[in-house]
Amino acid sequence: MARSHRPLLVLLLLVLVGCQASPGPARPAGPQVVGGVFSIDSPVPWAFESVESPTLIIWTQEPGGYLSQLSFVTGIPPGGHYAPFRDAPAFYPEMTPRDIADMTLASHVQHGGHMEARIDEVAEASFAGQPGFRFAYSYLTRNNHRVAAVYRGRLVGDRLYMIGYTARAELGDAGWSDAEHIMASARLLAPR
């Protein structure tokens, strides 16, 4: 009887091994359209893409994005949230760039229970070919990993559009120039 199950077992193992093979990156390098909203140029491929909410798309190089992640905010409406979890701070069009930085940082800190969180910079900067803002923040995770983030964004009508990059300090400079290139290349295709 065991002999008759052997071909079935071999077939099952082949199927399982085949399922583990990766067909390629979620996003190749080059020009991309993100969420039907942003046109960007990425100098590197991205292994994973996840849609966290109707207005948040995340690209990462490893599952879960624990080392780094590129976030696309594709038009948060008034009263909407950056983060897709209960009690996340809400966005309102009258918010200043500093308020938006505080909201974004609070979303990360509240969700992950992080410590030593601070806004490092808020400044005017171009985004998607128009005047906008830039902010940077940092925090320490519960596991003592230092994390830094940089975002660029702007309001269009009453909606918030941003692209941000967040990475652990242990990665050093890896990824930052690619993220800055993507943010600088961004154009809005179809503001909501």
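Two strands count as paired if DSSP finds at least two bridges between them. Helices (H or I, at least four residues) and strands (E, at least two) are DSSP runs, numbered from the N terminus. The model shown is predicted, so local features need pLDDT of at least 70 and side-chain atom pairs count only at pLDDT 80 or more, while totals for chains, interfaces and linings use all residues. Residues are numbered from 1 along each chain as its sequence is written, and side-chain values use heavy atoms, with hydrogens and water left out.

**View A. The open sheet E1-E2-E10.** This open sheet has 3 strands in the order E1-E2-E10, with antiparallel pairing. Strand E1 (30–34) and strand E10 (187–188) are the edge strands, each pairing on one side only. Between E1 and strand E2 (residues 38–42) there are 5 bridges in the antiparallel sense. Gly30 lies opposite Ser42 of E2.

**View B. Helix H3 on the sheet.** Helix H3 (residues 176–185) packs on the sheet and touches E2 and E10; contact means heavy atoms within 4.5 Å. The direction of H3 makes about 145° with that of E2 (axes are lines fitted to C-alpha atoms, for helices over the stretch in contact, and angles run from 0 to 180 degrees between N-to-C directions). Trp176, Ala179, Ile182 and Met183 are the buried residues of H3. Seen down the helix axis, these buried residues fall within an arc of 125°, so they line one face of H3; the arc is that of the directions from the helix axis to the C-beta atoms. They pack against E2, strand E5 (68–76), strand E6 (115–127), strand E8 (146–156) and strand E9 (159–168). Buried means under 20% relative accessible area, exposed over 50%, and partly exposed in between (1.4 Å probe, protein chains only).

**View C. Strand E4 and its partners.** In strand E4 (residues 56–60), 5 of its 5 residues are buried. Leu56, Ile58 and Thr60 point one way from E4, and Ile57 and Trp59 the other way. Strand E3 (residues 48–53) runs antiparallel to E4, with 5 bridges between them, and a hairpin through 2 residues joins E3 to E4. Val51 has Ile57 of E4 as its bridge partner. E4 and E5 also run antiparallel, joined by 4 bridges, and Ile58 stands opposite Ser71 in E5.

**View D. Thr104 in helix H2.** Thr104 sits in helix H2 (residues 97–112) and is buried, with a relative accessible area of 0%. A polar atom of the Thr104 side chain lies 2.9 Å from the backbone oxygen of Ile100. Leaving aside neighbours within four places in sequence, Thr104 is in contact with Tyr82, Phe135, Tyr137, Tyr151 and Met162.

Definitions and conventions: A polar contact is a pair of N or O atoms within 3.5 Å; within protein, one must be able to donate a hydrogen and the other to accept it, and residues adjacent in sequence count only if both atoms are side-chain atoms.
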